[in-house]
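Colleague: I'd like to learn how to read charged contacts in a model like this one. Could you walk me through it?

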Amino acid sequence: MKASSAYKEPTEESKRLYTGSGQATARDEGGDRPIRYVINWESSQLDYTLSEGASGGKLSKVEGQLYRDGKPASRFSADGAIADRPNKRLHLEGHVIVIGIDPKGRLDCQKLEWKTDEKLLKATGKVTLRGGVGIIGPVDELWCLPDLKRAGTPGFYQP
């Protein structure tokens with residue numbers, strides 16, 4: 001069958017896809033590709049292109065695990081999240097809870113940014129951290145490692 005000369009290749013444009021529940025695993029790009037985080041959601045709004053796939057999106061009712069050096073460091077839950085694959089960030093929003101695995105600890109806040117390339121959590125909005133050494137907060141902003149072992153306020157945080 002002869003192809004029509006009127007046929008044109010579709011242009012590359014971003015699409016929006018609404019889904020139900022799902023799961024994703026984010027990994028480092030180099031080396032043995034250690035896991036950065038695993039996230040589960042109840043519903044989502046994903047932005048994607050045909051050539052690149054999903055680049056990010058809004059996720060509702062999320063939970064999952066944050067990793068440090070390829071090993072589970074903490075569990076989290078939140079009302080919602082924004083996954084930003086190109087910038088290697090995960091933003092959690094609304095009733096954010098992070099539970100450290102070893103040692104036990106708990107971080108509560110309104111918003112949290114997981115900067116996976118810097119291996120740093122930036123929590124904002126009525127932040128409280130409870131752990132073996134006591135309680136920090138409530139404070140407006142707190143930075144910490146994903147295992148909650150080290151924490152401090154901006155300007156005083158030492159990795």
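**Reading the salt bridges**

Modeller: Happy to! Arg 89 is partly exposed, with a relative accessibility of 25%. Keep in mind as we go that this is a predicted model.

Colleague: Which side chain does Arg 89 meet in a salt bridge?

Modeller: The general idea is to look for a side-chain nitrogen of Lys or Arg within 4 Å of a carboxyl oxygen of Asp or Glu. Here, Arg 89 meets Glu 113, at 3.2 Å from N to O. Arg 89 sits in strand β6 (residues 89-100) and Glu 113 in strand β7 (residues 105-115), so the pair links distant parts of the chain, 24 residues apart.

Colleague: Is Glu 113 buried or exposed?

Modeller: The cut-off for buried is under 20% relative accessible area. Glu 113 has 17%, so Glu 113 is buried.

Colleague: How are β6 and β7 arranged?

Modeller: They pair in the antiparallel sense, over 10 bridges. They also form a hairpin, with four residues between them. The bridge partner of Arg 89 in β7 is Lys 115.

Colleague: How many salt bridges does the structure hold?

Modeller: Five. One of them joins the side chains of Asp 147 and Arg 68, at 2.8 Å from N to O. Asp 147 lies in the loop between β9 (134-144) and β10 (151-152), while Arg 68 belongs to strand β4 (residues 53-68), so this pair ties together parts that are 79 residues apart in sequence.

Colleague: Why does Asp 147 count as buried?

Modeller: Compare its value with the cut-off: Asp 147 counts as buried because its relative accessibility is 6%, and buried means under 20%.

Colleague: Which residues are linked in a network of salt bridges?

Modeller: Arg 106, Asp 108 and Arg 130 are. Within that group, the side chains of Arg 106 and Asp 108 meet at 2.9 Å, N to O. Arg 106 is partly exposed at 33% relative accessibility, whereas Asp 108, at 17%, counts as buried.

Colleague: Thanks! I'll follow those pairs in the viewer.

Note on methods:
Residues numbered from 1 in each chain as written. Predicted model: local features only at pLDDT ≥ 70, side-chain atom pairs only at ≥ 80, totals over all residues. Heavy atoms only, no water. Helix = DSSP H or I, 4+ residues; strand = E, 2+ residues; numbered from the N terminus. Buried < 20%, exposed > 50% of the residue type's maximum accessible area, 1.4 Å probe, protein only. Pairing = 2+ DSSP bridges.
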